[in-house]
Amino acid sequence: MAIESLLIILLVLAALLIIGVPISYAIGISSLAAILQVVPLSVSVLTASQRIFVGMSKFSLTAIPFFILAGNLMNQGGIAKRLVDFVLAILGKLPGALLVTNVGANALFGAISGSASAAAAAVGSMVRDGEEEQGYDGALCAATNGASAPSGLLIPPSNALITYSLVSGGTSVAALFLAGYIPGIVWAVCCIAVAVVISKKKGYRGTPGKYDWKNLVTSTFRAIPALSLIVVVIGGIIAGVFTATEGSAIAVVYALILSICYGSLSLKSFWKILIDSAKMSGMIVFLIGVSNIMGWVMAFTQIPQAISAALLGLTDNPVILLLIMNGILLISGTFMDVTPAILIFTPLFLPVVKTFGMNPVQFGLILVYNLCIGNITPPVGNTLFVAIKIGKTSLSKVMPYMLLYYGAILAGLMLVTYVSAVTLWLPMVAGMIG
């Protein structure tokens, strides 16, 4: 029954997505289609509606709309420019200074805004003129911008990690946040390495002259207010001063004050931000609620146990099992957004990795890292296409450079997957996991 139910879910889900049905409706309908073989329609619909309500009524979900609102407030003018200047002051001496700066600024802005596409649009726009003036290859600039933008989704605060915490049965948000720093930095460093190697071959130099300490101090001072959001909110959550939900509310207040001080917020723009945040929050929260139907169906039909048995029947070697999972997640991530993919694959794969003792925190980062790669991989690859649009170039010109970035980012994925210290060292030092 489990395998039949899984096949029904996958086939119906794929068919609905192909014809353009929204992902939340597709998940709900495919789940109901699978359960109808064992549960009557009237009972299925009633139970499904109850599961949606239960899934949406969790208090910890409040953190998601608050962090979305805080990110949209921080997207207002002034933040990206300050972060670009700050990173350029630090990394500007490396070959391909503007490319390297693009990577570093994307990591910071993506972490603050919570959106890879927003980072690619904001930071890419800031560095584009300078890159054109200095004769940089436009396709290379777009590839660098797109490849590095998702790194900020791993660095907290991260809505993807909050969603994983909920779906995985309450994995510590603080531990997940702390675990996300090194993988996010690994992604950014991989991109910087590729950018430096290509820049050396193309003769792109760093900023001329001696290291400008005065400029570093000035740009650091200007960037501190934006960077402090991460320090205050994440520091408070990790230290136990407040919960993730309380921290998200503090992030909104901080971002609101900062936007007012920067003079980038008007009553009209604030109202638009509220509307946009409400729409985005509604979609995500409803999606999480609907995914609760799928969770119920999977538990009732014992799909996770069947998947676990099937994979363990192929091999009991953790290295090979993780390689298979990575392959499935990478392929799926090219067609699905991060949030629905987390909702679908967490209950399928988490029981499997638990059989060989993997910590749920490490698996959460492996999952999100894989799905972030999908953000920059065709045919969907929203973030990549934003970067291409900002760079005024084409996919055919960008892809040769993207292949190099894919190789480096996948090398980083292997580190996150097979070297547990990459994800668990910081939470262990903080005493959050044993």
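Pockets were located on a 1 Å grid over the protein atoms alone, a pocket being an open set of points where a 1.4 Å probe fits, with protein on both sides within 12 Å along at least five of seven lines; lining residues have an atom within 4 Å of a point. Grid points are joined across faces, edges and corners, and a volume is the space filled by probe spheres set on the points. The structure is a predicted model, in which local features need pLDDT of at least 70 and side-chain atom pairs count only at pLDDT 80 or more, while totals for chains, interfaces and linings use all residues. Residues are numbered from 1 along each chain as its sequence is written, and side-chain values use heavy atoms, with hydrogens and water left out.

The largest pocket holds about 1100 Å³ of space. Its lining comprises 41 residues, with Gly114, Ser115, Met280, Ile284 and Thr339 nearest the centre. Helices are DSSP runs (H or I, at least four residues), numbered from the N terminus. Among the helices that each supply at least two lining residues to the largest pocket are helix 6 (97–113), helix 7 (116–133) and helix 17 (338–355). Helix 14 contributes the most, with 9 residues. The lining of the largest pocket divides into 21 nonpolar, 17 polar and 3 charged residues, where Ala, Val, Leu, Ile, Met, Phe, Trp, Tyr, Cys and Pro count as nonpolar, Asp, Glu, Lys and Arg as charged, and the others, Gly among them, as polar.

The second largest pocket contains about 620 Å³ of space. It is lined by 26 residues, and Leu10, Leu13, Ser332, Met336 and Phe345 lie nearest its centre. At least two lining residues come from each of helix 1, helix 15 (303–314), helix 16 (318–333) and helix 17. Helix 1 provides the largest share, 7 residues. By class, this lining has 22 nonpolar, 3 polar and 1 charged residues.

Helix 1 (residues 2–18) also contains serine 5. Serine 5 is buried, at 0% relative accessibility; buried means under 20% relative accessible area, exposed over 50% and partly exposed in between (1.4 Å probe, protein chains only). With neighbours within four places in sequence left aside, serine 5 is in contact (heavy atoms within 4.5 Å) with Ala34, Gln37, Thr301 and Ile303. Leucine 424, in helix 21 (residues 421–429), is likewise buried, with a relative accessible area of 10%. Residues up to four places away in sequence not being counted, leucine 424 touches Asn359, Val361, Gln362 and Ile433.

A salt bridge is taken as a side-chain nitrogen of Lys or Arg within 4 Å of a carboxyl oxygen of Asp or Glu, and the count by this rule is 4. One of these joins lysine 81 to aspartate 85, with the closest N and O atoms 2.8 Å apart. The two residues are 4 apart in helix 5 (residues 79–91) and so are separated by about one helical turn. Lysine 81 is partly exposed at 39%, as is aspartate 85 at 23%. In helix 14 (residues 267–301), lysine 272 and aspartate 276 are also 4 residues apart, about one helical turn, and their side chains form a salt bridge at 2.9 Å, N to O. Lysine 272 is exposed, at 53%, whereas aspartate 276 is partly exposed, at 30%. A further salt bridge links arginine 128 and aspartate 129 at 4.0 Å, N to O. Arginine 128 is partly exposed, with 21% relative accessibility, and aspartate 129 is partly exposed, with 41%.
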